[in-house]
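Welcome, and please take a moment to look over the sequence and the model before reading on. The report below walks through the ligand site, the strands and a few backbone details.

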Amino acid sequence: MLIASMKRIALYGGTFDPVHTGHLAVAHGLSKVFELDEVLFIPAYVAPHKRVLKVTPALHRYAMLALATQAEDHFRISTIELDAPERPYTVETLARMQETLGDGTQFFFIMGADSWMEIATWHEWERVLTLSNHIVVARPGYELSVEHVTPVIRKRIVDVRGKDQAALEIEEGDGAKIYVTDAVNMDVSATAIRQAVRGEGDDGWVEDVQPLVADYIRKYRLYKEA
Ligand code: ATP
C-alpha cells in the first residue's frame, strides 16, 4: 500500500520592502531541495510605534509581492499577519498556521543567516523552533554559526552545507529539525535596493528585483525619501 506523504509548506516571513531576487532565489532553490508543495510568503505587519526605520505601507509591500510571485503557481501570499496586526509575533503565526492548515502538513519556516543569528531575541524563540521545521539559508557577508542556541536545540540541527543537497532526505514525524543550507547564496538586500533607488547613481538596482516590481517602484516613487 502506498502511504501518501505529507504536504510540504514553507512559510517565508519578512518585511519584503521590497521583495527581491534574493528572496525569490531562496524560494525557488529551497522548493527544489526540499520538494516543497507551496511557499507561503508572509509579509509582516510593522506597527507604527515599532518602526525604528521607516517601513513602506503594507499595501505597497503586498502589491510588490503579488507582482513578483504571480507567475509561479506554488508561490502564494498569506495576509495572516497583515490581518491580525495585534498579534505580529512569529510564534503566534506558526501556531495559527498549524491550527488552520492542520494535520497532514509538514511546515518549514525559512529564514536567512542574518535572522538566524538574531533568533534568540525573538519572542518565545525556543518555542518558535519547535513549532515547525526551519530552514536557515546562507547569505553572503553574514556569519552562520550555531553557538548562540542551546545544546538541546543544537541537537536538532541538520547542517547540509557543502553536501549534495539534491539527495537530501527529509524526515517526517521525527520532531522539528533546523536545516542549515547553502543551496542558495545570493548577495541581494532590500536595504541596498532602497539606498540605490534613493541615490542619484545608476539603475543597477533594477537587476535585483523583478521587472514588474521595478516598474511599480518607479510608478509610485517608492524609496525616494530618506
Ligand atoms: P532588509 O535589508 O530591509 O533587512 P532583507 O533583504 O533582509 O531586508 P527581509 O524582507 O527582511 O529582506 O527578509 C526576509 C527574510 O529573508 C529574512 O529571514 C532574511 O534573512 C531572508 N533573506 C533576505 N534576503 C536574503 C538573501 N539574499 N539570502 C538569504 N536570505 C535572505
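This is a predicted model: local features need pLDDT of at least 70, side-chain atom pairs count only at pLDDT 80 or more; totals for chains, interfaces and linings use all residues.

Helices (H or I, at least four residues) and strands (E, at least two) are DSSP runs, numbered from the N terminus. Residues are numbered from 1 along each chain as its sequence is written.

**The ligand and its surroundings**

Let us begin with the ligand. A residue counts as near it if one of its heavy atoms lies within 4 Å. By that rule, 21 residues surround the ligand, and the closest are F16, D114, M186, A190 and T191. Sorted by type, this shell holds 8 nonpolar, 10 polar and 3 charged residues. Here Ala, Val, Leu, Ile, Met, Phe, Trp, Tyr, Cys and Pro count as nonpolar, Asp, Glu, Lys and Arg as charged, and the others, Gly among them, as polar.

Which elements each supply at least two residues of the shell? They are β1 (7-14), α1 (21-33), β4 (105-112), α5 (113-117) and α8 (190-198).

| Residue | Part of the residue | Distance to a ligand oxygen atom |
|---|---|---|
| T15 | polar backbone atom | 3.1 Å |
| D114 | N or O atom in the side chain | 2.5 Å |
| R194 | polar side-chain atom | 3.1 Å |

The protein covers 88% of the 590 Å² of accessible area that the ligand has on its own. Accessible areas come from the Shrake-Rupley method with a 1.4 Å probe, and for residues only the protein chains shown count as cover.

**Strands around β1**

Two strands pair if DSSP finds at least two bridges between them. β1 runs parallel to β4, with 6 bridges joining them, and K7 stands opposite T105 in β4. β1 also pairs in the parallel sense with β2 (residues 38-43), again over 6 bridges; in β2, P43 is the bridge partner of G14. Between these two strands the chain passes through α1, and this β-α-β crossover is right-handed. That word applies if, with the strands pointing away from the viewer, the path from the first strand over the helix to the second runs clockwise.

**Strands around β7**

Now turn to β7 (residues 178-181). It is parallel to β5 (residues 133-137), joined by 4 bridges, and H134 stands opposite I178. β6 (residues 157-159) also runs parallel to β7, with 3 bridges, and V158 has Y179 as its bridge partner. I178 and V180 point one way from β7, Y179 and T181 point the other way, and all are buried. Buried means under 20% relative accessible area, exposed over 50%, and partly exposed in between (1.4 Å probe, protein chains only).

**Backbone details**

A cis peptide bond joins D17 and P18, with omega about 5°. Where is P18 placed? P18 sits in the loop between β1 and α1.

E35 has a positive phi, near 45°, though it is a residue other than glycine. E35 lies in the loop between α1 and β2 and counts as exposed because its relative accessibility is 58%. R221, also not a glycine, has phi near 50°. R221 is placed in the segment after α9 (211-219), and it counts as exposed at 58% relative accessibility.

Methods
Side-chain values use heavy atoms; hydrogens and water are left out. A polar contact is a pair of N or O atoms within 3.5 Å; within protein, one must be able to donate a hydrogen and the other to accept it, and residues adjacent in sequence count only if both atoms are side-chain atoms.
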